[in-house]
Amino acid sequence: MEETYLLNVEGVKKKILHGGQGELPKLQDGSKITFHFQTLKDNFERTVIDDSREAGMPMEIIVGKMFKLEIWETLLSSMRPGEVAEFWCDAIHTGMYALVSRGMRRIAEGRDPLEGQKHRCGMGNMFDYHSTGYDDLDELQQTPQPLIFIMELFRVEEPSAYKRDTWAMSKEEKLAAVPVLHREGNRLVLRKEFGQAAAKYQEAVICLRNLQAKEKPWEDGWLKLESLVTPLVLNYCQCQLELGEYYEVLEHTTELLQKHNDNAKAYFKRAKAHAAVWNEREAREDFLRVAHLDPSMAAAVKKELKQLGERMRKKHVEDRKRYQGLFQPPRGP
């Protein structure tokens, strides 16, 4: 349709591209809206900023859960299932888009959307960052501007009609979900399904990190949550060791040790990862630190150091054979 419909909201225009079916859904707190979206700049080229189809899955938001881009709930509430519509939104509604997009991109990359975020409100965090980590979003953050959103609404589900994701739960629901996810991860480990187990542990960690973001670092509430995070991270790292994702283990154990430098199990897992990628000096240092921190692990450390020495000797022999004669001058006829 060519006709532009003005929503009853200042600074918003709507154009229906494909009509939907049925009545307008009645949204209530807890309703889940599933849709695809495309975000474009309001320029001649209509430059695409984000496209949920490229991420391979539709977007979901829960009504009433303080989604930072509030205007999206307004836009979606004007649509019928199956409808495709284009919305022009003035800069008064798009100032938070850079921060929202940053979180969505991190989720698509399998990262914690709150990673590194300070204990402040969303707007405060936005100004704390000199960079979002994405050049196009940095531009939007520095200069808020009108944006175009093309949305396709798939469905609206009532709160009782779907299994809620952990990120959409209340604090009490999240705390109750963590031990369940922990047990599911342990069960999958016993079945040697390490990839699925790692996903369970990771979901529980993200759940707790979201709660931690609302606490003051190093105070009682934060520390209590951190005590729940640590064993989950260690279990996740053990799964990654089994899967051969050694650099993933190095990253997460190092991050853990920056906050808890007396955790022998974290040093042990990091040492095994170092050994796997031939970092002999780092592996030996970490193994010896394990034995110092926890004498009960001395036998395990001795065994690992013996295996490390044998692997390194074998590697040195193979290297000598491989490069033998490489730098010798060619023989005459």
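Author: The count of aromatic pairs comes to eight, taking ring centres within 6.5 Å as the rule. The model in view is a predicted one.

Reader: How is the pair formed by Phe-35 and Phe-37 classed: stacked, edge-to-face or tilted?

Author: The ring centres of Phe-35 and Phe-37 lie 6.4 Å apart, with 55° between the planes. Stacked pairs need planes under 30 degrees apart and edge-to-face pairs need over 60. The pair of Phe-35 and Phe-37 is therefore tilted.

Reader: Are Phe-35 and Phe-37 buried or exposed?

Author: The term buried applies under 20% relative accessible area, and exposed applies over 50%. By this rule, both Phe-35 and Phe-37 are buried.

Reader: Which helices are linked by the aromatic pair of Trp-72 and Tyr-97?

Author: Trp-72 and Tyr-97 form a tilted pair, 6.4 Å centre to centre and with 55° between the planes. The pair joins distant parts of the chain, as its members are 25 residues apart. Trp-72 lies in residues 71-76 and Tyr-97 in residues 97-108, which are helix α2 and helix α4.

Reader: Which residues form one aromatic cluster with Trp-72 and Tyr-97?

Author: Trp-72 and Tyr-97 are both buried. The cluster that holds them also includes Phe-35, Phe-37 and Phe-149.

Reader: Over which ring does the charged end of Arg-311 sit, and how far from its centre?

Author: A charge counts as over a ring if CZ of Arg is within 6 Å of the ring centre and within 35 degrees of the ring normal. Arg-105 provides one example, with its charged end over Tyr-134 at 5.0 Å from the ring centre. For Arg-311, the ring is that of Trp-278, and the distance is 4.2 Å.

Reader: How do helix α7 and helix α8 run relative to each other: roughly parallel or roughly antiparallel?

Author: Helix α7 (residues 171-190) packs against helix α8 (residues 194-212) with axes 8 Å apart, at an angle of about 160°. Their crossing is left-handed. Among the residues making the contact are Leu-175 and Val-178 of α7, and Ala-204 and Leu-208 of α8. Because angles over 145 degrees count as such, α7 and α8 are roughly antiparallel.

Reader: What is the orientation of α12 relative to α13?

Author: The axes of helix α12 (residues 280-293) and helix α13 (residues 298-323) come within 10 Å and cross at roughly 170°. That angle makes the two helices roughly antiparallel. Where they meet, α12 contributes residues including Phe-287 and Leu-288, and α13 contributes residues including Leu-305 and Met-312. The orientation asked for is thus roughly antiparallel.

Key: Residues numbered from 1 in each chain as written. Predicted model: local features only at pLDDT ≥ 70, side-chain atom pairs only at ≥ 80, totals over all residues. Heavy atoms only, no water. Phe/Tyr/Trp six-rings, centres within 6.5 Å; stacked < 30°, edge-to-face > 60°. Buried < 20%, exposed > 50% of the residue type's maximum accessible area, 1.4 Å probe, protein only. Helix = DSSP H or I, 4+ residues; strand = E, 2+ residues; numbered from the N terminus. Axes fitted to C-alpha atoms, helices over the stretch in contact; angles between N-to-C directions. Parallel < 35°, antiparallel > 145°, perpendicular 65-115°, else oblique. Left-handed = near helix turned anticlockwise from the far one by under 90°. Contact = heavy atoms within 4.5 Å.
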